[in-house]
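Me: I'm new to reading protein models. Can you walk me through this one, feature by feature?

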Amino acid sequence: MRVALALPLEAEQRLADTADYHGHEVLIRCSGGDELAVRVPQLPVELVVVQATREHLTPRLVETADALGVRMLVVADDEEEERHAVRAGIVDAVRGPADW
């Protein structure tokens with residue numbers, strides 16, 4: 001599966017390092033959601049893995065993924081991130097940490 005990542009650096013590195021083993025190809029790695037929203041339309045991304053923080057899970061990213069039909073896996077490490085995900089319109093965030 002072709003994926004894009006918008007995660008804290010440590011989680012991003014861990015997933016990128018193990019992606020091939022799990023059958024994934026990381027096409028994009030971004031430090032924030034708005035940057036990823038600009039880059040996703042440029043490549044054939046099938047899944048966006050994003051941390052449910054204000055920096056990573058942005059309205060622009062949610063709108064872009066929705067418009068393009070790109071699936072999002074939203075990871076929430078704590079209750080604050082779960083609340084942010086709900087405010088962003090995500091009702092099915094998964095509990096972190098991010099992993100394949």
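Me: How many helices and strands does the protein have?

Reply: Helices (H or I, at least four residues) and strands (E, at least two) are DSSP runs, numbered from the N terminus. Here the protein comes to four helices and five strands. Along the sequence they follow the pattern β-α-β-α-β-α-β-α-β. The radius of gyration of the protein is 12 Å, close to the 13 Å that the globule rule gives for 100 residues, so the protein is as compact as a globular protein of that length. That radius is taken over C-alpha atoms, and the rule is 2.2 Å times the number of residues to the power 0.38.

Me: Before we go on, where do these values come from?

Reply: This is a predicted model, where local features need pLDDT of at least 70 and side-chain atom pairs count only at pLDDT 80 or more, while totals for chains, interfaces and linings use all residues. Residues are numbered from 1 along each chain as its sequence is written, and side-chain values use heavy atoms, with hydrogens and water left out.

Me: What share of the residues in the protein is buried?

Reply: Buried means under 20% relative accessible area, exposed over 50%, and partly exposed in between (1.4 Å probe, protein chains only). In this protein, buried residues make up 41% of the 100 residues.

Me: Which residues of helix H1 are buried?

Reply: Start with the general idea: an α-helix has 3.6 residues a turn, so residues three or four places apart point the same way. In H1 (residues 9-18), the buried ones are Ala 11, Glu 12 and Leu 15. They cover an arc of only 100 degrees around the axis, which puts them on the same side of H1. The arc is that of the directions from the helix axis to the C-beta atoms. On the face turned away from that buried side you'll find the exposed residues Leu 9, Glu 10 and Asp 17.

Me: What covers the buried residues of H1?

Reply: Look for contacts, meaning heavy atoms within 4.5 Å. The cover includes strand E1 (2-6), strand E2 (25-30) and strand E3 (47-51).

Me: And which residues does Arg 71 touch?

Reply: Leaving out residues up to four places away in sequence, Arg 71 touches Met 1, Glu 46, Leu 47 and Val 48. Arg 71 sits in strand E4 (residues 71-76). Arg 71 and Leu 47 are 24 residues apart in sequence, yet 4.8 Å apart in space, C-alpha to C-alpha. At 49% relative accessibility, Arg 71 counts as partly exposed.
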